Amino acid sequence: MTKTFSLSDWMSSHQQRISLALQQRLPNQNVIAASRLSEAMHYATLNGGKRLRAMLVYATGEAFNADHDALDSAACAVEMIHAYSLVHDDMPMMDDDDLRRGKPTCHKAYDEATALLVGDALQSLAFECLTENALPANQQVAMVKCLAHASGVMGMAGGQAIDLASVGKQLNQTDLEAMHLLKTGALIQSSVLLGAYCGKNYISTDLQHLNDYAAAIGLAFQVQDDVLDVIADTATLGKQQGADIARNKPTYPALMGLEAAQQKAQMLVKEALTALNNLGNECLALRALATFVVQRTF
């Protein structure tokens with residue numbers, strides 16, 4: 001008999017879980033001296049969002065019988081890294097955005113210096129979170145190394161640097177994919193691997209198949225983002241519609257055309273699902289999340 005799985009129910013319960021876990025780990029605004037910074041950290045981290053990266057941590061960890069307390073610490077870590085990256089990306093010296101998730105960006109709600117410190121503080125706190133579990137030391141070390149690599153010059157930061165340097169330039173599809181595998185894909189890949197590292201019964205070949213899955217959906221996520229920048233409106237997106245076009249940034253619809261970009265996203269999801277076929281369990285949440293990536297409207 002085929003198991004029924006409701007992604008909406010699963011995501012709702014896990015979104016509540018990650019929200020509570022983040023609140024418990026963010027600094028108490030009434031205790032520390034830097035109360036404005038603490039308040040801004042809460043603002044930047046708890047302002048909604050899909051929590052896709054946290055969902056991937058939970059989905060992978062549950063497929064490999066991970067302890068939920070360990071998954072909470074890993075999910076919080078990736079969400080803090082993601083939140084810090086958005087705060088910095090939105091600042092005037094980067095993308096100069098006024099809206100994020102339908103609200104003023106952190107530097108608009110506070111100020112540029114506070115926003116810069118919010119990113120710095122969230123990045124540090126993320127790695128502190130990774131050690132707040134009862135996992136063996138070798139697993140904790142693997143998790144710290146995984147997230148550090150995904151966040152740095154060979155991951156998210158390096159991808160953002162390429163993105164900024166590519167404004168107004170014509171990139172071919174190979175170069176565009178290489179940029180987004182770093183800028184967006186690296187943190188998504190680390191989310192999946194962190195979930196596995198929290199588990200108890202994974203083997204090295206499982207990690208490779210999970211990495212293939214994550215690489216495919218990471219790229220699919222970015223393709224869909226580019227598509228939504230064209231077809232969605234500002235209210236739905238929670239950020240300025242057409243911002244990438246206005247900045248003359250290289251995107252998949254601009255390079256391939258809108259229809260071809262949409263087909264590319266669907267093809268990547270098929271690749272992700274194929275990678276999961278090599279694992280020894282059904283991975284129902286991971287499968288549903290892969291489809292969600294290209295069906296989302298925000």
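## Exposure classes

A residue counts as buried under 20% relative accessible area, as exposed over 50%, and as partly exposed in between. In this predicted model, K108 has 48% relative accessibility and is therefore partly exposed.

## Salt bridges

The model has nine salt bridges. In one of them, the side chain of K108 meets that of D98 at 3.7 Å, N to O. D98 lies in the loop between α4 and β1 (99-100) and K108 in helix α5 (residues 106-109), so this pair ties together parts that are ten residues apart in sequence. D98 is partly exposed too, with a relative accessible area of 46%.

E177 and K264 form another salt bridge through their side chains, at 2.7 Å from N to O. Helix α9 (residues 173-197) holds E177 and helix α14 (residues 258-276) holds K264, so the bridge joins parts 87 residues apart in sequence. Here E177 is buried at 17% relative accessibility, and K264 is buried at 11%.

## Nonpolar core and its surroundings

The largest nonpolar core contains 87 residues, and W10, L56, M80, Y213 and L289 have the most contacts inside it. Helix α4 (residues 68-89) supplies the largest share of this core, twelve residues. Beyond its neighbours within four places in sequence, M80 is in contact with L22, R25, L26, L122, L125, A126 and C129.

R25 also forms a salt bridge with E132, side chain to side chain, at 4.0 Å from N to O. R25 belongs to helix α1 (residues 7-25) and E132 to the loop between α6 (112-130) and α7 (137-151), so the pair links parts that are 107 residues apart in sequence. E132 is partly exposed, at 38% relative accessibility.

How values were computed: Residues numbered from 1 in each chain as written. Predicted model: local features only at pLDDT ≥ 70, side-chain atom pairs only at ≥ 80, totals over all residues. Heavy atoms only, no water. Core = buried A, V, L, I, M, F, W, Y, C linked by side-chain atoms within 4.5 Å. Buried < 20%, exposed > 50% of the residue type's maximum accessible area, 1.4 Å probe, protein only. Helix = DSSP H or I, 4+ residues; strand = E, 2+ residues; numbered from the N terminus. Contact = heavy atoms within 4.5 Å.
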